[in-house]
Structure formats: C-alpha cells, structure tokens
Amino acid sequence: MAEMDTSSKGGGKHDSGTKSKKLSTRVDMTPMVDLGFLLITFFMLTTTMSKPKTMDLIMPKDTEKQEEQNKVKESTALTILLGKKNQVYYYEGLAQDPNASSNPDFFKATSFANTGGIRDVIIKKRDEVARLRNFKGEPEDVVVIIKADDGATYQNFVDLLDEMAINRIQRYATVDISDQDKQWIKSTEASNGIQ
Amino acid sequence: MPKVKMPRKSTLIDMTAMCDVAFLLLTFFMLATKFKPDEPVAVVTPSSINTQLLPDSDVILLTVDKDGRVFFSMDGQPKRKQLIEDLNTNFKLGLGPAEIRNFTIGSSVGSDFKNLKQVLNLSADQRKNSKVETGIPMDSTNNELAIWIEYARSAQGNNNKLKYCIKADNETPYPVIKRILDTFKEKKIQKLNLVTNLESKPAGSAAAIFEAEHQ
C-alpha cells in the first residue's frame, strides 16, 4: 500500500546530495471505499423508491331536483353492502320489491376472496346485465350501489372501489345505508356467528 | 516431484474501480433521496390497481390514522406560512413567530384550534408521544376541517391543479371517511383522490384485458 512520506527530512530541495525519492502515486483507498459504502447503505435504507399512487374518487353533487337525479332500474342494479369483520353482503336489485326481498336467499354473504368472492358476483351480474337490452336496443350497463355499514373499514371501501376498477364497472355509487339493510346485516351476522 | 515455488502474490487489490462504483451509487441515491418531514402518525394505506402518481405539489393531504384522527397537511412553505397566518388572525390563535415557523417547516397537524399553539410548541418527538393531537374536529356543529380546507384553498390561490387527497389507514372506520367526504361535499369539492399502494391487476380480469388491448 502506498505510504506518505511524512518525515520532514525528505522532499526538501535544499538537502544537498540526496536525491528526492520518487513517491508512488498509489493511495490507499480502503477507508474511502468504506465511507462510500457506509453512505450508500444509509441512503439506500432511507430512500423510498415506490411513490404512493392515488385513486380518483368523484362524488356526485347533491341535488334536490327530481329530474336531475339518476334513476336506477331494478333489473340492472347490484347492491353491495360492507359489514364489519371484512364481510361483504349483496343482493340483486334495489330491494324495492317486498315479495322478492322476503325470499330467504335474497340477501347473501360473501367475501373479498379472489375466487368465489365478490368479484365473481360482480362479473356474473355484469355479464347478465350486458345481455339485457334497453329501449334503444343497446346493451344495459350494470349499476353497482355501494353501501357501507358503520363497522366497515376504509380498506373494505377502497377494496370495493378497486373491484369496480378491476372489473371495469363504469357506473357505481356510494349510497347511505338504510335501516332495512342494517337489519338484514344484523340478522345475517347473527346466523353466521359474527360478533 | 520437483518443488514448485509459488510466486508470492501481493494481497493488494486495486480498489479504484470498486471505489468508482461505490461513489456512482452513492451519487445516485443521494440525488434520488428526498427527505420528508417526520409524520406524527404512521399510516398503512390499502392497495389498488391504480397507477396514477400522487403529485408532489399542489396537494392538500388529509391523513387519517386508524383511530380516526384527522391530520391536515399541505405542500409549499410560503403557502403554509400564509395559511397559518390567515388562521392566526381570523381565529385569534395567539401564535408567535416561533410557532408559525414550526408549522411552516413542519408536516401535518391534527389538533383543534384551541390546542394548536400548544402542539406547535412541541418538538416532533414530543408530539408523537403527547396525547394533545386528537385530530381535527369535524362535527356538524364545530367543523374545523371545513375551515382548514377553505383557508388552504385560498392560500393555494384557487389553483385549478389543486388535488385533495385522503390518505387513510386500512383500519380506519368507514363513518370517519364518510364524514370527511361529506365535508368535502359541503364545500362543493367533488373530485377527490385516495392515496393507495400499487398492486398488480389480477390476471384475466377486465382491467388486465383492457390494458393488454391498449398497449
């Protein structure tokens, strides 16, 4: 390794007789590399590489006027409810028909699982509704109504909005939960043993 | 067998190349790093398939922790300074220059106006441990969040590019989120952004097929 000549004797021009030694140009770089890697480690650990992403959420205007409000057909609607303990409930339509909603199979529970969960329900309903025709003869669009109960978490809400993006559902809305829905959730929770 | 004399090799290695690489990496990480001010709350955001980036500027960010405490934050030190000065004069918060400076260079705050002076007097470490910051109140009778949003909007100069972001924890109860959304609705702000992490699109889903078709 290179060494610096620090003695005061050498190097002086006025030293008669002795020729100054040619110093090697090699410098010991070990400490410099040590320091370099220390700093690299520090910056690597403190850097956050993945920037957070955002999801657009566009809320509708509140309107009192009847003609400005969107009407949803019973046949194209799918209502999804978020309960506590990451539970998802759903029923087809808007539950405006008391005969249909008195059916014990009307209100169903599912989960956020990738297969056999709410995604499959959405896909099935979307494809069913796409076969229907409106009065102009065009395929109908499914309208998903999202209602979150007080026990739901933000994650459930975002997951469900994400399902809309995953399945490319263009029309969905978040709606306040009704007392009837709450009651259905409660009785389903009781029968499924969810505390 | 004749004895082969191995030449004694020097153990010295030329470290110039290694040193070059080390400093190249060092320069890269130094330039790529952006130090953010210490946040008073830790939030784990949910993940979604959205790939839209959260912008660095023109952002009003509401952070909601898992207990439902709401924190307010905004970019741009001059704008933050103006915001806190406006609030100080209009709501008689009694902040001194030190507290105004603390807010300007700091990150998010989550306290009601009454305790704001006390919160801004604490250091970042003390704030994490103190129980003073109980979140910005947003009851219908005392909706300070609406005031924050309104003043922040005017401090940002009614900028069109301004984005309203909500960064909430996975465990945040939905009623808190609903309350925030309603507050924005009352302020006639319809376009919001939810901060999420990236996750991959599930294979075979409509979004994945759509993406494949449009590439």
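**Terms against values**

Q: What share of the contacts in chain B between residues at least 6 apart joins residues at least 24 apart in sequence?

A: The share in chain B is 66%. A contact here means that the C-beta atoms of two residues, placed from the backbone, lie within 7 Å. In chain A, residues 24 or more positions apart make up 61% of the contacts with a separation of 6 or more. The model is predicted: local features need pLDDT of at least 70, side-chain atom pairs count only at pLDDT 80 or more, and totals for chains, interfaces and linings use all residues. Residues are numbered from 1 along each chain as its sequence is written, chains are lettered from A, and ligands are numbered from 1, in the order in which they are written.

Q: Why is chain B described as more spread out than a compact globule?

A: The radius of gyration is taken over C-alpha atoms, and the globule rule is 2.2 Å times the number of residues to the power 0.38. For 215 residues the rule gives 17 Å, whereas chain B comes out at 25 Å, well over that value, so the chain is more spread out than a compact globule. The C-alpha trace of chain B spans about 100 × 55 × 30 Å along its principal axes.

Q: What makes strand β4 (residues 70-74) of chain B largely enclosed?

A: A residue is buried if 20 or more other C-beta atoms lie within 10 Å of its own, exposed if 12 or fewer, and partly exposed in between. Five of the five residues of β4(B) are buried, so the strand is largely enclosed by the rest of the structure. One face holds B:Val70, B:Phe72 and B:Met74, the other B:Phe71 and B:Ser73, and all are buried. Across chain B, buried residues are 31% of the 215; in chain A they are 24% of 195.

Q: Why is A:Pro52 called partly exposed?

A: A:Pro52 has 14 C-beta neighbours inside 10 Å and therefore counts as partly exposed. A:Pro52 sits in the loop between α1 (30-46) and β1 of chain A. Apart from neighbours within four places in sequence, A:Pro52 contacts B:Thr45, B:Leu54, B:Val195 and B:Asn197.

Q: How do you know that β3 (residues 59-64) and β4 of chain B pair?

A: Two strands pair if DSSP finds at least two bridges between them. β3(B) and β4(B) have five bridges and pair in the antiparallel sense. B:Ile60 is the bridge partner of B:Met74 in β4(B). Their hairpin has five residues between the strands, with B:Gly68 at a positive phi near 90°.

Q: What joins strand β1 (residues 53-58) of chain A to β6(B)?

A: Six bridges join them, and the two strands run antiparallel. A:Met55 stands opposite B:Leu194 of β6(B).

Q: Which strands are the edge strands of the open sheet in chain A?

A: The sheet has five strands in the order β4-β3-β2-β5-β6, with mixed pairing. Its edge strands are β4 (108-110) and β6 (171-174) of chain A, each pairing on one side only.

Q: How many residues does each chain give to the contact?

A: Chain B gives 50 residues and chain A gives 41. On the side of chain B, α1(B) gives the most, with 10 residues. That side divides into 31 nonpolar, 14 polar and five charged residues. Nonpolar covers Ala, Val, Leu, Ile, Met, Phe, Trp, Tyr, Cys and Pro; charged covers Asp, Glu, Lys and Arg; the others, Gly among them, are polar.

Q: Which residues have the most contacts inside the largest nonpolar core?

A: A nonpolar core is a set of buried Ala, Val, Leu, Ile, Met, Phe, Trp, Tyr and Cys residues joined through C-beta atoms within 7 Å. The largest has 61 residues, and those with the most contacts inside it are A:Ile80, A:Leu82, A:Val144, A:Phe157, B:Leu62 and B:Ile166. Not counting residues up to four places away in sequence, A:Phe157 touches A:Leu82, A:Ala148, A:Ala152, B:Tyr174 and B:Ile177.

How values were computed
Helices (H or I, at least four residues) and strands (E, at least two) are DSSP runs, numbered from the N terminus.
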